[in-house]
Amino acid sequence: MRATWNEQYEKVWLDFLKNKKALCLSKIKNLLSQPVPVQRTADDLIMEADFLYMQGALEGNEEQSLKKALICYQLHEKVVGAEHNNLKMRGETLLRLHRYEEAFNCFDRLAELNISNPPVLFENKEISQAWLEHEIIQRKNEGADVTELEKILQFICKDDFFVNIFGDAVSQRTRRTIIQTLPHDLQKILQNLPQRPLYNKLSIPVPNNFLNNKDWSKIQSEYQRTGCVVIDDLFTTETLNLLRKWAAQSPSFQTIRAGFLGAFPSNGANFEIIRHSAEELERLLPEIFTGHPLGLWWFFKYIPGVGNEGIGLHADPAAININIWLTDDNARESGGGLEVYSHVPPQEAKVNEFNREFNTKEEELQLIEKLKQEGETHTIEYKSNRAVLFTSDRYHRSIPFEFKGQNIEEWRLNFTLLYGDRIEHTTQMEITTAAPDQEGWDLF
Ligand SMILES: [Fe+2]
């Protein structure tokens with residue numbers, strides 16, 4: 001019986017990720033109806049937990065399945081101890097159950113595990129010019145001696161020494177490589193880097209309000225009419241400053257992308273202000289968010305001179321996307337806004353088919369042209385503390401930019417929250433991207 005589970009497990013996940021809802025659900029129901037063995041192994045527990053998670057998700061966040069999934073994840077931890085995928089899935093289950101505080105704690109545990117027991121071998125860890133520059137500035141601000149880190153930066157910036165292990169033009173431009181391409185003495189420096197605190201708990205009393213007063217009912221009706229609404233001056237000054245300060249010192253910007261750095265929940269981007277803001281948004285905009293719990297969030301920080309392209313054309317697999325720019329307007333020289341189109345990728349597409357970097361600029365520009373011709377384009381200019389709330393799976397892209405870069409607070413910084421699963425669109429607004437033929441630059 002368990003042989004069927006083993007055999008079906010990967011296939012069911014693939015159906016789930018490809019959004020093949022009916023097929024996936026019928027397979028899961030069949031698998032879960034099979035008799036349970038007296039003694040469940042760790043593998044049995046994690047498979048059962050994941051099947052229940054998927055079932056709960058596919059049935060509109062059905063509580064009983066999700067709660068049963070949680071129990072299985074907990075039992076699995078009792079058998080094998082804390083494990084990365086278990087903590088990630090448990091956090092996601094808790095979000096779907098709207099138990100945000102517990103979910104944030106779970107992601108913090110995952111971030112700590114990622115540090116104490118990294119999922120990739122040290123020598124295979126990615127580093128890049130952007131990551132090094134960022135580490136150097138943050139550590140210097142904390143009073144550390146960064147002379148040795150500066151040596152590594154000089155090393156990977158020199159053409160003679162840089163090894164483009166990924167072999168693509170973007171990695172060449174952004175100086176992305178892996179640790180084992182460095183000489184041993186430089187590898188040692190990285191191995192001995194002291195860990196830094198996550199700074200996720202406030203050291204002052206939690207503010208009463210996180211968002212400024214707005215005409216929320218007008219925002220709701222505009223969103224329902226157009227699928228894209230701009231909210232200026234979203235955060236209170238206090239919240240904005242807390243988020244900026246957190247981002248300036250947080251060690252969670254560990255996800256390396258094409259010229260920018262990402263801070264995700266699994267990296268430790270679980271500052272309690274994020275949770276409070278997400279909850280307040282839901283409370284003030286119930287017609288938009290009800291039935292679409294928070295699913296994921298991140299901060300992206302763009303290194304001046306390296307990340308000026310921003311993020312190319314893509315779509316994010318969720319119901320609602322809220323993107324807020326945090327860097328002060330005085331730091332901006334030009335550009336930096338967002339273009340949101342009206343079309344979405346096909347419903348049954350895997351995330352990495354529409355959430356990735358394109359292989360060539362031409363390929364991307366061709367699709368942008370098509371989107372502009374066949375649908376409406378919302379062009380939103382960059383403004384600090386401006387939020388863009390839009391149907392998340394619509395194609396969108398950054399408008400290239402220039403920001404000052406004297407200090408870390410001047411780098412372009414955006415904060416994104418995704419809520420809910422992709423909704424089924426009733427009108428025919430699907431446009432496909434070419435299937436990816438190489439791995440390496442997914443957006444998340
Ligand atoms: Fe996006």
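The questions and answers below concern sheets, helices and domains.

Colleague: From which number are residues counted along each chain, and what pLDDT do side-chain atom pairs need?
Modeller: Residues are numbered from 1 along each chain as its sequence is written. This is a predicted model, in which totals for chains, interfaces and linings use all residues, local features need pLDDT of at least 70, and side-chain atom pairs count only at pLDDT 80 or more.

Colleague: What is the strand order of the open sheet of 7 strands?
Modeller: Helices (H or I, at least four residues) and strands (E, at least two) are DSSP runs, numbered from the N terminus. Two strands pair if DSSP finds at least two bridges between them. The pairing is antiparallel, and the order is β3-β11-β7-β14-β6-β5-β4.

Colleague: Which residue in β6 stands opposite L261?
Modeller: L261 belongs to β5 and has I256 opposite it on the β4 side, where 2 bridges join the antiparallel strands β4 and β5. Strand β5 (residues 260-263) also pairs with strand β6 (residues 294-302), in the antiparallel sense over 4 bridges. In that pairing A263 stands opposite F299. The residue in β6 opposite L261 is K301.

Colleague: Which residue takes a positive phi in the hairpin of β4 and β5?
Modeller: This hairpin has 3 residues between the strands. The phi in question is near 90°, and the residue is G259.

Colleague: At about what angle does helix α7 run to β5?
Modeller: Axes are lines fitted to C-alpha atoms, for helices over the stretch in contact, and angles run from 0 to 180 degrees between N-to-C directions. Two residues are in contact if their C-beta atoms, placed from the backbone, lie within 7 Å. Helix α7 (residues 129-141) lies across β4, β5 and β6, and its angle to β5 is about 65°.

Colleague: How are α7 and α8 oriented to each other, roughly parallel or roughly antiparallel?
Modeller: The axes of α7 and helix α8 (residues 147-157) are 10 Å apart, and the helices pack at an angle of about 160°. Angles under 35 degrees count as roughly parallel, over 145 as roughly antiparallel, 65 to 115 as roughly perpendicular and the rest as oblique. The two helices, α7 and α8, are therefore roughly antiparallel.

Colleague: Which residues in α8 meet α7?
Modeller: On the α7 side the residues are Q129, L132, E133, E135 and I136. Those in α8 are L149, E150, I152, L153, I156 and C157.

Colleague: Which element gives the largest share of the side of domain 2 that touches domain 3?
Modeller: The domain assignment, from an automatic or database source, gives domain 1 (2-116), domain 2 (122-191) and domain 3 (216-419). The C-alpha centres of domain 2 and domain 3 lie 27 Å apart, and their contact takes 12 residues from domain 2 and 13 residues from domain 3. At least two residues of the domain 2 side come from each of β1 (126-128), α7 and α9 (169-174). The largest share, 7 residues, comes from α7.
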